[in-house]
Amino acid sequence: MRYRADHWIRSADHRQALACYFGQQGKAYSRVKNLFIREMMGDLTGKRLLDYGCGAGLFVVDAAKNGAQRAVGVDAEQAVLSTAAYHAEREGVAGRCEWLSDDRFSCSGGEAGFDVILLKDVVEHVEDDEGLLAGLRPCLAPGG
């Protein structure tokens, strides 16, 4: 399922897109869900995070701000990756975050070794969810 052309996620206006994103993340359901995800991921200090379907980069930026060794965001929407980079720049962690288009990401290219892989709100956007999970499995570090 792709987003409509007029959806904020496809906006070239990063300031407006980020405002829409934070408006969405500020709703009660998202706040509770995000707290739960942060709790499940635990302390990311020194760890490597891959957020596949990162949107505007909330968890990647948080990981970079909180001591992650590596924080990588991957998304299918190029415009939202630009918004995520804008978000990281505003938070002062642009140099600690990596942003990749999903068609440029591959674990076979030396990407293996992530301690945490997050796929928040992704499964409903892919036709082959089991294939996606199987494809990301080699990216997970032992014990990750």
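What follows is a short chat about a predicted model.

Biologist: What kind of model is this, and how are residues numbered?
Modeller: It is a predicted model, where local features need pLDDT of at least 70, side-chain atom pairs count only at pLDDT 80 or more, and totals for chains, interfaces and linings use all residues. Residues are numbered from 1 along each chain as its sequence is written, and side-chain values use heavy atoms, with hydrogens and water left out.

Biologist: How many bridges join S2 to S3?
Modeller: Five. Val-72 has Glu-98 in S3 as its bridge partner.

Biologist: Switching to H3. Why is it called largely enclosed?
Modeller: Because seven of its eight residues (58–65) are buried. Buried means under 20% relative accessible area, exposed over 50%, partly exposed in between (1.4 Å probe, protein chains only). Among the buried ones are Leu-58, Phe-59 and Asp-62.

Biologist: What follows H3?
Modeller: Gly-67, with a positive phi near 90°. Gly-46 touches Gly-67, along with Ala-68 and Gln-69, not counting residues up to four places away in sequence. Contact means heavy atoms within 4.5 Å.

Biologist: Where does Gly-46 lie?
Modeller: In the loop between H2 and S1. Gly-46 is partly exposed, at 39% relative accessible area.

Biologist: Now the largest pocket. How much space lies in it?
Modeller: About 730 Å³. A pocket is an open set of points on a 1 Å grid over the protein atoms alone, where a 1.4 Å probe fits, with protein on both sides within 12 Å along at least five of seven lines; lining residues have an atom within 4 Å of a point.

Biologist: Which residues lie nearest its centre?
Modeller: Tyr-3, Asp-75, Asp-121, Val-122 and His-125, out of 30 lining residues. H1 gives the most to the lining, with three.

Key: Grid points are joined across faces, edges and corners, and a volume is the space filled by probe spheres set on the points. Helices (H or I, at least four residues) and strands (E, at least two) are DSSP runs, numbered from the N terminus. Two strands pair if DSSP finds at least two bridges between them.
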